[in-house]
Amino acid sequence: MPIFSFVQTKGGTGKTTLSQGVACSKTFAKAFGKVALVEIDPQGTLADWIGERIANKRALKNVAFHQLVGLDLGVLTSKLEKIVEENTAVILDVPGESVGGFATKLALNLSDLVFIPMRTSTNDEASFGRNLWPVIQESLRENKAAFHIVPTFIHPQTNTKNIQEYFRGIMPEQIDCLGSVLPFRSVFENFSREGMTLAEYSASVKGNNRLHAQAKKAEIDMETIAQEIVKLTKE
Ligand SMILES: Nc1ncnc2c1ncn2[C@@H]1O[C@H](COP(=O)(O)OP(=O)(O)OP(=O)(O)O)[C@@H](O)[C@H]1O
Ligand SMILES: [Mg+2]
């Protein structure tokens, strides 16, 4: 029963977009069946999205949503244990804490696979070295989690192999990089209005060839990342 987390102390790098997209992917439905999407971020981006889903009467068949906030480690851990028992995969959406704080540490300690969404930007790289890497190093002493960068906001025409090599070159050896990336696409900024998933958004713009083609590309981006994640669980 794998626990995945999307962790990055830097804000706005794609943690929530990826958590939601991977949790709702066809790939995860097929590989795991029941998936728990757990927001441990008091910012409540996903809680708002779920609120919109409820208001628009959209049902998620295989994805259960939970928001866990608060600073009592014992309470959080026991709630998470119950979620783990009831599902076949758990995805944690972790807040962008400017320094690696409580939620980041909790996620690193619980997860089997940790994904770090990151741009190819000097700001993100400096922030990783200063704020996230020290916390990861601490958790590596007692934890067996595997760490992977997910390159985000990548120009859609970029060669993904080059991006992977770039991150493998600059990151510490304990941090690998996925071969798939999350490209920059306006779809990722817009699809979740009214609480839609990518697939629902895609279906809703079927009448508009241009938007539909873009939405389909975004769906494929997300499914490709989900497939790579599933593959990693089998290694
Ligand atoms: N690949 C992308 N292309 C274009 N826009 C994106 C992409 N990924 C995310 N966004 C947009 O960028 C913003 C930040 O993304 P997101 O909320 O996923 O980041 P986050 O890391 O969860 O942020 P926070 O640290 O605040 O929790 C959102 O408005 C989202 O719609
Ligand atoms: Mg977020």
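Modeller: The side chain of Q43 has an N or O atom 3.2 Å from an oxygen atom of ligand 1. That is a polar contact, a pair of N or O atoms within 3.5 Å. The model is predicted: local features need pLDDT of at least 70, side-chain atom pairs count only at pLDDT 80 or more, and totals for chains, interfaces and linings use all residues. Residues are numbered from 1 along each chain as its sequence is written, chains are lettered from A and ligands numbered from 1 in the order written, and side-chain values use heavy atoms, without hydrogens and water.

The backbone takes part too. A polar backbone atom of R185 is 3.1 Å from a nitrogen atom of ligand 1. F188 places a backbone N or O atom 3.0 Å from an oxygen atom of ligand 1. Alone, ligand 1 exposes 630 Å², and the protein buries 82% of that (Shrake-Rupley method, 1.4 Å probe).

Now the shell. Ligand 1 is surrounded by 17 residues, and T13, K15, T16, T17 and P183 are the closest. Each has a heavy atom within 4 Å of the ligand. Five are nonpolar, eight polar and four charged; Gly counts as polar, and Asp, Glu, Lys and Arg count as charged.

Which elements each supply at least two shell residues? They are α1 (15-23), β8 (182-183) and α8 (187-190). Helices (H or I, at least four residues) and strands (E, at least two) are DSSP runs. The largest share, three residues, comes from α1.

Technical notes
A polar contact is a pair of N or O atoms within 3.5 Å; within protein, one must be able to donate a hydrogen and the other to accept it, and residues adjacent in sequence count only if both atoms are side-chain atoms.
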